[in-house]
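Subject: Structure handover

Hello,

Here is the structure for you to look over. My notes on it follow.

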Amino acid sequence: MDSYGSKAKALAGGTDILVQLRGNRFDIEMLVDVKSIPELNELSYTVSEGLSVGAAVPCIRIYEDSVVQQSYPCLVDAAFLIGGIQIQSRATIGGNLCNASPSGDTIPALIALEAEAVVFSKRGYRSIPVEDFCVGPGQNGLQDGELLVSIKFPPPKLYSGAHFLRFIPRNEMDIAVANVGVALTLDSKKQTVESARIALGAVGPTPLLATKASEFLVGKEISDDSLYETAEIAKQIASPITDMRGTINQRIHLVGVLTRRALQKAVERAKGV
Ligand SMILES: Cc1cc2nc3c(=O)[nH]c(=O)nc-3n(C[C@H](O)[C@H](O)[C@H](O)COP(=O)(O)OP(=O)(O)OC[C@H]3O[C@@H](n4cnc5c(N)ncnc54)[C@H](O)[C@@H]3O)c2cc1C
């Protein structure tokens, strides 16, 4: 990858890039299959370090993993929604992230969960917070010769919960009109929010961390009103376009609805309901 520079691209599951190459979206000379690199196939968890998902681990391995199911159910929500079973058997969350689609379904979940992308090149390793990884529609911040190795998630805190939701006009196999990932931590009485991260997709040129809404919720008691107000603030950061999937107004409305519902579910999970 280093010697071919911008003329090389990685191939993980191939569910985006093969379609794009057939559509002549890129002019490349080298496609590097990364699926056989052992480090990229590791899925590991420790109580102190949290979860590490190799960039070549397919979605099905993620959502069938018992540790992920128990400790990172928000990741299951997102990985389970990517395409159907055939796509999930190949598609990776690394590929979803590197593809940098504004509507990429795992990205708001990764942002909410405070994930970091671990990247390698002959210059060494570096870590990029996922909210800074996508720099424009279909554009990521990787430099030539850089490979995504893994995505790391901090260990879940006590009384924390997270959830991912998307809206599509049919039951499955469609591109999100809007999607939302949220994560929060409650105090020991499970009444007040101690930390929160709300991330939005398909309503801007890149998936967005809704900082103002996230900060608004911190210190608030859980109530229908506080969740509603937070969701209304999240709408302010959305700057969607109208296209064949939805209008600007519909997408902004959806941000409110999805944020509120995702927060309600995250609270339930944090309370252990
Ligand atoms: C029928 C169908 C249904 C789909 N449904 C959904 C859906 O519901 N939601 C959704 O979000 N997406 C969906 N997709 C899109 C796609 O499946 C996902 O984005 C998937 O997660 C991409 O992963 P991949 O491993 O196949 O990526 P690839 O196609 O292998 O790669 C995607 C991009 O990432 C780069 N890349 C991959 N791995 C690395 C790496 N390790 N380092 C650096 N760059 C890398 C590639 O060069 C390429 O540019 C669908 C696609 C199809 C064909």
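Contact here means C-beta atoms, placed from the backbone, within 7 Å. Domain 1 covers 34–153 and domain 2 covers 160–271. Those bounds come from an automatic or database domain assignment. The two C-alpha centres are 21 Å apart.

Two notes on the source. This is a predicted model: local features need pLDDT of at least 70, side-chain atom pairs count only at pLDDT 80 or more, and totals for chains, interfaces and linings use all residues. Residues are numbered from 1 along each chain as its sequence is written.

Ala, Val, Leu, Ile, Met, Phe, Trp, Tyr, Cys and Pro count as nonpolar, Asp, Glu, Lys and Arg as charged, and the others, Gly among them, as polar.

Val-135 sits in strand β7. Val-135 is partly exposed, because 13 other C-beta atoms lie within 10 Å. The cut-offs are 20 or more such atoms for buried, 12 or fewer for exposed, and partly exposed in between, with C-beta atoms placed from the backbone. Leaving out residues up to four places away in sequence, Val-135 touches Asn-140, Gly-141 and Thr-206. His-163 is 28 residues from Val-135 in sequence, and their C-alpha atoms are 24 Å apart in space.

Next, the sheet. Five strands form an open sheet in the order β3-β4-β9-β5-β6, with antiparallel pairing. Two strands pair if DSSP finds at least two bridges between them. β3 (43–46) and β6 (124–129) are at the edges with a single partner strand each, so one side of each has no neighbour in the sheet. Neighbouring strands are turned by 20° against each other on average, direction ignored. The axes are lines fitted to C-alpha atoms, for helices over the stretch in contact, and angles run from 0 to 180 degrees between N-to-C directions. Strand β5 (residues 116–121) pairs with β6 in the antiparallel sense over six bridges. There, Ala-117 stands opposite Ile-128 in β6.

Now the ligand. The shell around the ligand has 30 residues, and Gly-13, Gly-83, Gly-95, Asn-96 and Cys-98 come nearest. A residue counts as near if its C-beta atom, placed from the backbone, lies within 6 Å. β1 (8–11), α1 (17–22), α6 (93–99) and β9 (147–153) each supply at least two residues of the shell. The largest share, five residues, comes from α6. By class, the shell has 16 nonpolar, 10 polar and four charged residues.

Last, two backbone angles to check. Most residues other than glycine have a negative phi. Ala-100, not a glycine, has a positive phi of about 55°. Ala-100 lies in the loop between α6 and α7. Ala-100 counts as buried because it has 22 C-beta neighbours inside 10 Å. Ala-202 also has a positive phi, near 70°. Ala-202 is in the loop between β12 (193–201) and β13 (208–209). With 31 other C-beta atoms within 10 Å, Ala-202 is buried.

Best wishes

Notes:
Helix = DSSP H or I, 4+ residues; strand = E, 2+ residues; numbered from the N terminus. Contact = placed C-beta atoms within 7 Å.
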